[in-house]
Amino acid sequence: MEKGLVARARITIEAPVADVWNALVTPEIIARYMFGTNVVSDWKEGGAILWRGEWKGRAYEDRGRLLRVRPQRMLRYSHYSPLSGVPDLPENHHTVTIELSPRPGARTDVSLSQDNDATEDARRHSESNWRMMLEALKRVVEEGARAPARGTSPQVGPRSGSVSWNRR
């Protein structure tokens, strides 16, 4: 059940659903579209998920729990960032849901939602950030395993309890 204001983003990726799923659960690939973030998880329902990185010279470690894992269909997890400034209580956690839908011609529709944004401004900010992340996911998946171009890596880090990506 969604709570609070919900940010939504979607994109179509020119790749089969298996390739998109692989990018969602492979730490080395995640680092490419989440701009260096190190993700640690066993990818099993109920398991922990950690995001580690650096934001403006400051190390962070966000955390959550895998709430639902349906390979090649859906990934749902909770997310909490200590840098949000709010206590680590369930009512301060977001729930992120990523759904994959296969389309003809080896294409995949990706729909993402993040609940529990406190204000309309926070919801809009989250939507903008998730759209940027999905665009980066699309580029990485469609390009395959090629290395990213030099000087094009944006920075990533938590801000105001939501995931934030900023271009350099």
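# Exercises on a Predicted Chain

Of the 168 residues in the chain, 46% are buried, where buried means under 20% relative accessible area, exposed means over 50% and partly exposed lies in between (1.4 Å probe, protein chains only). The model is predicted, so that local features need pLDDT of at least 70 and side-chain atom pairs count only at pLDDT 80 or more, while totals for chains, interfaces and linings use all residues. Residues are numbered from 1 along each chain as its sequence is written, and side-chain values use heavy atoms, with hydrogens and water left out.

## Exercise 1. The overall plan

Task: State how many helices and strands the chain has, and describe its contacts and surface.

Solution. 
Step 1. The chain contains three helices and nine strands; helices (H or I, at least four residues) and strands (E, at least two) are DSSP runs, numbered from the N terminus.
Step 2. Read from the N terminus, the order of elements is β-α-α-β-β-β-β-β-β-α-β-β.
Step 3. Contact means heavy atoms within 4.5 Å. Of the contacts between residues at least 6 apart in sequence, 53% join residues at least 24 apart.
Step 4. The accessible surface amounts to about 8,800 Å², and carbon and sulfur atoms contribute 50% of this surface. Such areas come from the Shrake-Rupley method with a 1.4 Å probe, and for residues only the protein chains shown count as cover.

## Exercise 2. Strands 2 to 5

Task: Trace the pairing from strand 2 to strand 3, from strand 3 to strand 4 and from strand 4 to strand 5.

Solution. 
Step 1. Two strands pair if DSSP finds at least two bridges between them. Strand 2 and strand 3 run antiparallel and are joined by four bridges, with V40 opposite L50. Six residues lie between these strands in their hairpin, where W43 has a positive phi near 60°.
Step 2. V39 and S41 form the covered face of strand 2, whereas N38 and V40 form the uncovered one.
Step 3. Strand 3 (residues 48-55) pairs with strand 4 (residues 58-70) in the antiparallel sense over eight bridges. W55 stands opposite R58. The hairpin has two residues between the strands, and K56 in the turn shows a positive phi of about 50°.
Step 4. Strand 4 is joined to strand 5 (residues 74-79) by four bridges, again in an antiparallel arrangement. R70 has M74 as its bridge partner. Three residues separate the two strands in this hairpin, and Q72 in the turn has a positive phi of about 65°.

## Exercise 3. An aromatic pair

Task: Determine which residues form an aromatic pair and how their rings are arranged.

Solution. 
Step 1. Rings of Phe, Tyr and Trp (its six-membered ring) pair if their centres lie within 6.5 Å; planes under 30 degrees apart count as stacked, over 60 as edge-to-face and the rest as tilted. By this rule there is one aromatic pair.
Step 2. The pair consists of W51 and Y77 and is tilted, at 5.2 Å centre to centre with 50° between the planes.
Step 3. W51 belongs to strand 3 and Y77 to strand 5, 26 residues apart, so the pair links distant parts of the chain.
Step 4. W51 counts as buried because its relative accessibility is 6%; Y77 is likewise buried, with a relative accessible area of 6%.
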